[in-house]
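Subject: Structure handover and notes

Dear colleague,

I am passing on the structure we spoke about, and my notes on it follow below. Please read them with the coordinates open beside you.

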Amino acid sequence: MPLPTGIKVGAGGTASADLPRKTGTASAEPLRKTATAPVLAPAAAAGREFQFTAADFERVRQLIHKHAGISLAPIKQDMVYSRLARRLRALGMKSFDQYLAHLERGHGAEWETFVNSLTTNLTSFFRENHHFEMLQKHLLRLAQRPIRIWCSAASTGEEPYSLAITACEAFNTLTPPVQIHASDIDTNVLKTAAHGEYPLERIERLDAERQRKYFIKGAGVPTGQVRVRPELQKLITYSRINLLDAQWPSAKGPFDALFCRNVMIYFDKPTQYQILKKFVPLLHPDGLLYAGHSESFLHATDLFRSLGRTVYERTDRRK
Ligand SMILES: C[S@@+](CC[C@H](N)C(=O)[O-])C[C@H]1O[C@@H](n2cnc3c(N)ncnc32)[C@H](O)[C@@H]1O
């Protein structure tokens, strides 16, 4: 499946400014896996522009699961319909069957749009703040060498920018010796991340000093929006990485910290295990893996040992 890789965006965010339709602050959690067969609620189906059968939904479920590991729960039928109906309209297609057949024939560009349409990108600045506090201490312990961090499900950028701010605060400079690689499967969110512009309310919960030091208001930034400082943008590079892919050429380790938060929850345990196995050689022996609050890797204790609060170290690390 020819999906593009290698979005590299420098300071100032050269990627386009178009914001994805699907953003939000973190609170709701990703879709739960379920084996229940989907049944279309007649009420939901009434008055739709396109027919969307249980079989169509099942086909979508299988395709997105195979290509991105994402498990769509039956309650997501309306969401799937509305997001994909836009594609049918844009492509002038008459039915889901026609659209899905087009996709299955292997249209690369449409695969990208299909995946982008079905991801859930909830995130926020300093989400699960204790991880950033731990990271700050970790960075100071590593201060002897240039530090590399991989943020592997970066969504719209709040997480990599929180990492960049943490690095600036740890070293008390806007140019800390830290490089952050941010990736996601969804190319739309990566464009938003690189652009670095957010509605003002996204930073409301940050303290006043952080708001002032790391975000710009006015000065060409549209009213109601803030932009991250270019110094933060310079610390981050971007690429599209599907964690399900056999290889991740743009994830060049070893990394000192690997953030993989609130994405593993989409994947079944064997898939998680395969991903964790590929993380091991990419993580420096002293490195730490940060997972989401409801993600646990107890099925992979041969690979990663828990340090508590969903932070892990390599099991093969010598004490
Ligand atoms: C709920 S967001 C989490 C964002 C951030 N890590 C956080 O914790 O706030 C999950 C992200 O995982 C991405 N994602 C889903 N499947 C993926 C895959 N197979 N490979 C890489 N990223 C994926 C989605 O596009 C989405 O941006």
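I start with Gln225, which is partly exposed, with 15 other C-beta atoms within 10 Å; here a residue is called buried if 20 or more other C-beta atoms lie within 10 Å of its own, exposed if 12 or fewer, and partly exposed in between, the C-beta atoms being placed from the backbone. Gln225 sits in strand β5 (residues 225–228), where helices (H or I, at least four residues) and strands (E, at least two) are DSSP runs numbered from the N terminus. Leaving out residues up to four places away in sequence, Gln225 touches Glu197, Tyr198, Pro199 and Leu200, a contact being a pair of residues whose C-beta atoms, placed from the backbone, lie within 7 Å. With Leu200, the separation is 25 residues in sequence and 4.8 Å in space, C-alpha to C-alpha.

Before going further, please note that this is a predicted model, in which local features need pLDDT of at least 70 and side-chain atom pairs count only at pLDDT 80 or more, whereas totals for chains, interfaces and linings use all residues. Residues are numbered from 1 along each chain as its sequence is written.

Overall fold

The secondary structure comes to 11 helices and 10 strands, and buried residues make up 39% of the 319 residues in the protein. Of the contacts with a separation of 6 or more, 76% are between residues 24 or more positions apart.

The ligand

The ligand is surrounded by 27 residues, of which the closest are Thr119, Thr123, Ala153, Ser155 and Asn262; a residue is taken as near a molecule if its C-beta atom, placed from the backbone, lies within 6 Å of it. The shell divides into 13 nonpolar, 9 polar and 5 charged residues, with Ala, Val, Leu, Ile, Met, Phe, Trp, Tyr, Cys and Pro counted as nonpolar, Asp, Glu, Lys and Arg as charged, and the others, Gly among them, as polar. Because domain 1 (42–118) and domain 2 (130–314) both give residues to this shell, the ligand lies between them; the domain bounds come from an automatic or database domain assignment.

Two helices

For helix α2 (residues 54–68), the 15 residues at 1.5 Å a residue should span 21 Å, and the end C-alpha atoms are 21 Å apart, which agrees; the expected span is 1.5 Å times one less than the number of residues. In α2, the buried residues are Asp56, Phe57, Val60, Arg61, Ile64 and Ala68. Seen down the axis of α2, these buried residues fall within an arc of 140°, so they line one face of the helix, the arc being that of the directions from the helix axis to the C-beta atoms. They pack against α3 (77–91), α4 (96–104) and α5 (108–118), while Gln62 and Lys66 are exposed on the other side of α2. After α2 comes Gly69, with a positive phi near 80°.

In helix α11 (residues 269–279), Gln272, Ile275, Leu276 and Phe279 are buried. These cover an arc of only 100° around the axis, which puts them on the same side of α11, and they pack against β7 (255–260), β8 (283–291) and β9 (304–308).

Backbone points to check

Two residues in the loop between α5 and α6 (130–141) deserve a look: Phe126 and Glu128. Phe126, which is not a glycine, has a positive phi near 50°, and with 21 C-beta neighbours inside 10 Å it counts as buried. Glu128, also not a glycine, has a positive phi of about 55° and is partly exposed, with 18 other C-beta atoms within 10 Å. Elsewhere, the peptide bond from Gly253 to Pro254 is cis, with omega near 0°, and Pro254 belongs to the loop between β6 (236–240) and β7.

A buried strand residue

Ala182, in strand β2 (residues 178–184), is buried, with 30 other C-beta atoms within 10 Å. Apart from neighbours within four places in sequence, Ala182 is in contact with Cys151, Ala154, Pro160, Ala193, Ile236 and Tyr238. The C-alpha atoms of Ala182 and Ser152, which are 30 residues apart along the chain, are separated by 6.0 Å.

Terms used: Contact = placed C-beta atoms within 7 Å.
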